[in-house]
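Hi,

Here's the structure I promised to pass on. Have a look, and my notes follow below.

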Amino acid sequence: MTALVELRDVSVDYAGHGGSVSAVQNVSLTLGENETFGLVGESGCGKTTLSMALMGLLPSSARVTGQLLFRGQDLLAMSEAERRQQRGDELSMVFQDPATSLDPTFGIGYQVAETVRAHRRVSRGESKARALALLREVGIPAAESRYADPPHRLSGGMRQRVVIAAALANDPSLLLADEPTTALDVTIQAQVLDLLAELQRKHGTTILLIAHDLGVVAQICDRVGVMYAGQLVEVAPVVELFAAPRHPYTRALLEALPSRGRRGRSLRVIGGQVPDLSDPPSGCRFADRCPHRMDVCATVPPLVDSDSRRRIACWLDPATRATAGLPPLPAAPTPDAPIAVGPS
Amino acid sequence: MTEQTRTVIDRDPAPLLEVEGLVKRFPIRRGLFGSGAVHAVEGVDLQIHAGEVLSLVGESGSGKSTLGMCVTGMSTPTAGRIRFAGEDVALASRRGRADFRRRVQPVFQDPRSSLDPRWPIERTIREPLDAYRVGSSVERTARVAELMDLVGLPRHFASRQPRELSGGQQQRVAIAAALALRPELLVADEPVSALDVSVQAQILNLLDELRNRLKLALLFIAHDLSVVEHLSDRVAVMYLGRIVETGPVERIFSAPEHPYTRALIDAIPHADPGRKMSRIRLTGEIPSPVNPPSGCRFHPRCPVAVDRCSTEEPQDTQFDEGHSAACHVAAAGLAQRRSIISTISEGATS
Ligand SMILES: Nc1ncnc2c1ncn2[C@@H]1O[C@H](COP(=O)(O)OP(=O)(O)OP(=O)(O)O)[C@@H](O)[C@H]1O
Ligand SMILES: Nc1ncnc2c1ncn2[C@@H]1O[C@H](COP(=O)(O)OP(=O)(O)OP(=O)(O)O)[C@@H](O)[C@H]1O
Ligand code: SF4
Ligand code: SF4
Ligand SMILES: [Mg+2]
Ligand SMILES: [Mg+2]
């Protein structure tokens, strides 16, 4: 796997009154060329922050540390102008709510054409032709006749297609899709996921798909990263992650999902609450809720390769332990070990 | 099916809630061309028995919330009948209607919108008791504590304000308040949609437990079908104001009859990469409820539509005890199966 993006120890803090919020802490991650990578985790765990850091679109209150490498170039070392250039050439983003990404007063075709012109010196005629081609590619029926329609004439699913068309205007090598289907109905969501998968196959675009719905990620991603309270806790190929989650949080999360096998039984509850990120625990951020907590968990477990395909940040894992010179635990807890603890 | 098995399946014959031919239209003005109406709910029949969870599913705009609002009395139907415990709600006396509003309680998607941000949660939970003057002041205080226990809120939370609680805890408060008057039916409109997976699990467990402990009936409105499959006894699928299929949850999920139900179930993204998504993929969008398509409302998107679908509205066909769907093709399939069976059995007897 050739790396397109490499994050090394990336942390993001938001300054605010009454202290700072540690939204992302020491995240290391590699995105390969041609890969669809899913980033999952519950609300507030830092998914959007991380993707905005990649885009260079964080508010000025945010402080980013670590290294963000794109084709080996450190994004944080670039000037603002270089960054803008690089973003225009290589990156695109699709957000949850298509309504906010489109201007309500202009025709959808015109908006896509303008995006084309923003990236490339082309005539109006050429940009229109390219916009039409993009609209057709994302499956807008009768693209010519809809070209001048303002966004409100389109359904949510169609609007999201238009946003995706605009995002493809610069032929990006990395497409960041932040909850692109969360606002859509399931049948429409299925269509949009199909579209993303097809575009990925056709253009070889690397996609970073952010979702809180594990099902969405399971459908189209090659690999998945799980975040908890600002820390990336586990990274694995999608099949392996769902078949055999290793991090206690990933396991708990999967156990909390209603699924066919669990009908009529109660769902597993993760006791306790997500820590306050303005005053996070100093070690593993899942420690307060983790049934396996040990003394060493007061130190941040580094995210390391557990085997050739999986990375994990947990002091139960032999690879993480080895980084601190700790011997493997005598018997690793099985995936069935109880997760639920304490009152909810 | 023999008479004997039928009696086993039949539960309490009198439903707690019975909705018949319910219609709700919203008049709209449309520019220069006069007025029209949003056909939000168009002739819905449904029943809920005590202690039963009936889920209402369907895409955005299909009329689920509108139906829920009519059932809780927050919205007045344009036509149709709602009977609660055998009594027609529209014909009830003022006292009868107040009684109905006590026995049927709503729970909404966003707990923040149903909680007063300035009130400590104890006051929110107590409010319905005060409004209906239930018991003495001391008894009300005791009932608040009991309700907090019931929904799993620690008692020391009593004086907290909503913003000091997590989303799941806020939803517990909303549920506690809804339970204060000992309702028999909760109408929960997307009660877990705004919550994270781990928090959602708590609320689903709570609803399940309440149903078992209090014999509470639940009209559960949701768009997440895995949640529906987990919690429901029966499922009703809505499309553009109509219930197109209704039946026991296992049947709806394993062998749906209506093509729309099949497409919905096929579109569920499963957290199981081995299980591939969607065999049937719907094209197109939900049409406008102002001008619903002729014939079967689903025909412009239906992958198996036949000629008559665009002209003739399909009627409900019963496929099994408590399982019916409105589809020409499914009905024809059933008729064919029946005729084959009868041919075989005739052949066997002759
Ligand atoms: N501009 C900001 N200033 C201060 N704190 C912020 C800011 N933006 C986000 N945060 C905080 O940073 C943390 C991470 O937020 P982020 O939006 O990245 O989470 P997320 O995983 O995308 O969540 P969601 O699933 O809800 O979109 C949260 O605790 C959030 O409250
Ligand atoms: N007060 C109203 N005035 C006019 N139209 C309305 C009103 N309330 C609902 N509608 C319309 O009625 C139809 C049904 O809406 P409803 O909210 O019941 O759908 P729903 O199935 O709950 O959708 P969702 O899944 O998005 O919540 C929609 O077309 C909606 O726009
Ligand atoms: S590092 Fe410790 S507290 Fe954190 S998940 Fe692993 S065992 Fe639990
Ligand atoms: S009646 Fe016709 S259009 Fe409607 S669902 Fe059945 S086959 Fe499809
Ligand atoms: Mg986000
Ligand atoms: Mg609704």
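Before the ligands, one term: a polar contact here is a pair of N or O atoms within 3.5 Å; within protein, one must be able to donate a hydrogen and the other to accept it, and residues adjacent in sequence count only if both atoms are side-chain atoms.

Some housekeeping. This is a predicted model, where local features need pLDDT of at least 70, side-chain atom pairs count only at pLDDT 80 or more, and totals for chains, interfaces and linings use all residues. Residues are numbered from 1 along each chain as its sequence is written, chains are lettered from A and ligands numbered from 1 in the order in which they are written, and side-chain values use heavy atoms, with hydrogens and water left out.

**Ligand 2, chain B**

Back to ligand 2. The backbone of B:Ser62 also has a polar atom 3.2 Å from an oxygen of the ligand, and for the side chain of B:Thr66 the distance from an N or O atom to a ligand oxygen is 2.5 Å. On its own ligand 2 has 630 Å² of accessible area, and the protein covers 61% of it (Shrake-Rupley method with a 1.4 Å probe; for residues, only the protein chains shown count as cover).

The shell means residues with a heavy atom within 4 Å of the ligand. For ligand 2 its members include B:Phe26, B:Val38, B:Glu59, B:Lys64 and B:Pro289. Strand 2 (35–48) and helix 2 (64–71) of chain B are the elements that give two or more residues to it, and helix 2 has the largest share, three residues. Helices (H or I, at least four residues) and strands (E, at least two) are DSSP runs, numbered from the N terminus.

By class, that shell splits into four nonpolar, six polar and two charged residues. Ala, Val, Leu, Ile, Met, Phe, Trp, Tyr, Cys and Pro count as nonpolar, Asp, Glu, Lys and Arg as charged, and the others, Gly among them, as polar.

**Ligand 1, chain A**

Which residues surround ligand 1? Among them are A:Tyr14, A:Ala23, A:Lys47, A:Glu179 and A:Leu277. Ligand oxygens lie 2.6 Å from an N or O atom in the A:Ser43 side chain, 2.8 Å from a polar backbone atom of A:Gly44 and 2.7 Å from a polar side-chain atom of A:Thr48. The protein buries 63% of the 640 Å² that ligand 1 exposes when taken alone. Helix 1 (residues 47–55) of chain A gives the largest share of this shell, three residues. The class count is five nonpolar, five polar and two charged.

**Ligand 4, chain B**

Ligand 4 has 13 residues around it, the closest being B:Cys296, B:Cys302, B:Cys309, B:Cys327 and B:His328. Its shell has 10 nonpolar residues, three polar and no charged.

**Domains and chains**

Chain A is assigned domain 1 (3–221) and domain 2 (247–323), with bounds from an automatic or database domain assignment.

Between the chains, 45 residues of chain B are in contact with 41 of chain A. They bury about 3400 Å² between them, 52% of it on carbon and sulfur atoms. On the chain B side, B:Val197, B:His230 and B:Glu285 lose the most area to chain A, together 18% of what that side buries.

Cheers

Technical notes: Contact = heavy atoms within 4.5 Å. Buried area = accessible area lost by both parts, 1.4 Å probe.
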